[in-house]
Amino acid sequence: MSDLFVVLGVAVITFATRVSFLISPRQAPGGRVGRFLDVFPVALFVAIAVNGLVAPVGSPELTANLFGALGGVIGGIVFRRSVWGVFALGALFFYVARAIIG
Amino acid sequence: MFGGPSFRRGLRDSALIAVAVFLFGLAYGVVAVDAGLSPTLTMLSSFITMSGAAQFAMAGLLVAGPIPVLIAATGLGLRHLPMSARLAEMIGPQPLGTRLRLAFVLVDESFGLTLRAADRGVDDLVAYKSAADLTLYLGWLLGTAGGVWFGSAIDPEAAGIGVLFGLLFLGLAAPMVRSRRDWIVAAISVVATVVATRILPVAWQVTVAATIAAVIGVFIDE
């Protein structure tokens, strides 16, 4: 029963945060809040990317992951910031590095 | 809306990301059952939450009891606040049912795709995001089901799923980094995240790092 409570609680909290600004139509905030909203997506996606590449299991691991990151950056340059160029080259570098260094 | 050009584009753009989401769902199904969550509750959590981060945190903290899990979910959910605000700004006035539906699958992947679609001038962002939400949601559910029922044959760490997801978001971030301010914010986010992985619990690392970088970005001119 307590597991059901946890599952329901996580669902409610997650939905509440997602619907926070969508529940009622309102004007987009301006000023500094507006600027924060402009840059937050970049900050968020980079944080998620780095977190997954540096600490995929929650704590830092500096192994084949960094080669994956390097491959991703090179992919971004070579394929002109294509999402799939970054992903494909990064994955290739990661799996090759892991095969070589373990 | 459904079946129109923007909807079809959303299906197309999200298809491969849905494969990655499926793999992540597989990993979640394995991890959740391994952590002691029943197959039924594991599937229920994916049906009603649709949040990899929160669900993985839940599986990881289940033994600690409900309070740590709910605190972690709150910390992870805070990043949805600016996403919700930004999405509301992009879609403009919409019926309540539409806004609630789009909010339900407000995940990092569909948000990133929708931002990119807005930049590229896609006409109907509601249709676009609806299509992306549909494919990602199905991918997540099917992945979770696969993990629950075939979990013993899968090793998510061996498959490098965490790294693949990192690369996916690196790819989503790449086209968004355009101005001088974007580059500075991205660099600060890198540093803040590396530091956060060393000193903060998992549930807070991304949210705190991203918030710090974005707050500093407020004071930087483009």
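Predicted model: local features only at pLDDT ≥ 70, side-chain atom pairs only at ≥ 80, totals over all residues.
**Interface and local features of the chain A–chain B complex**

Polar contacts between chain B and chain A amount to 17 residue pairs, with both residues of each pair at pLDDT 80 or more. The side of chain B that touches chain A comprises 59 nonpolar, 19 polar and 12 charged residues.

In terms of contacts, 65 residues of chain A meet 90 residues of chain B. The size of an interface is often expressed as the accessible area that is lost when the parts come together. For chain B and chain A, the buried area is about 6,800 Å², and carbon and sulfur atoms contribute 75% of it. On the chain B side, the residues losing the most area to chain A are V163(B), L167(B) and V218(B), which together account for 9% of what that side buries.

Confidence was examined for the complex and for each chain. The predictor assigns the complex an ipTM of 0.81 and a pTM of 0.76. Chain A has a mean pLDDT of 84, with 88% of its residues reaching 70 or more. Within chain A, confidence is highest in helix α1 (residues 2-19), at a mean of 94, and lowest in helix α2 (residues 31-54), at a mean of 86. For chain B, the mean pLDDT is 88, and 98% of the residues reach 70 or more. Among the elements of chain B, the highest mean pLDDT, 96, belongs to helix α2 (residues 39-48), whereas helix α9 (residues 156-159) has the lowest, 70.

Two residues of chain B were considered individually. M50(B) is located in the loop between α2 and α3 (52-61) of chain B. The phi angle of M50(B) is near 55 degrees, a positive value in a residue other than glycine. M50(B) is classed as buried because its relative accessible area is 4%, under the 20% cut-off. T197(B), by contrast in setting, is found in helix α11 (residues 180-199) of chain B. With a relative accessibility of 4%, T197(B) is likewise counted as buried. The side chain of T197(B) reaches the backbone oxygen of V194(B) at 2.7 Å.

Key
Residues numbered from 1 in each chain as written. Chains lettered and ligands numbered in written order. Heavy atoms only, no water. Helix = DSSP H or I, 4+ residues; strand = E, 2+ residues; numbered from the N terminus. Buried < 20%, exposed > 50% of the residue type's maximum accessible area, 1.4 Å probe, protein only. Polar contact = N/O pair within 3.5 Å; in protein donor to acceptor, adjacent residues only side chain to side chain. pLDDT = per-residue confidence, 0-100. Contact = heavy atoms within 4.5 Å. Buried area = accessible area lost by both parts, 1.4 Å probe. Nonpolar A, V, L, I, M, F, W, Y, C, P; charged D, E, K, R; others polar.
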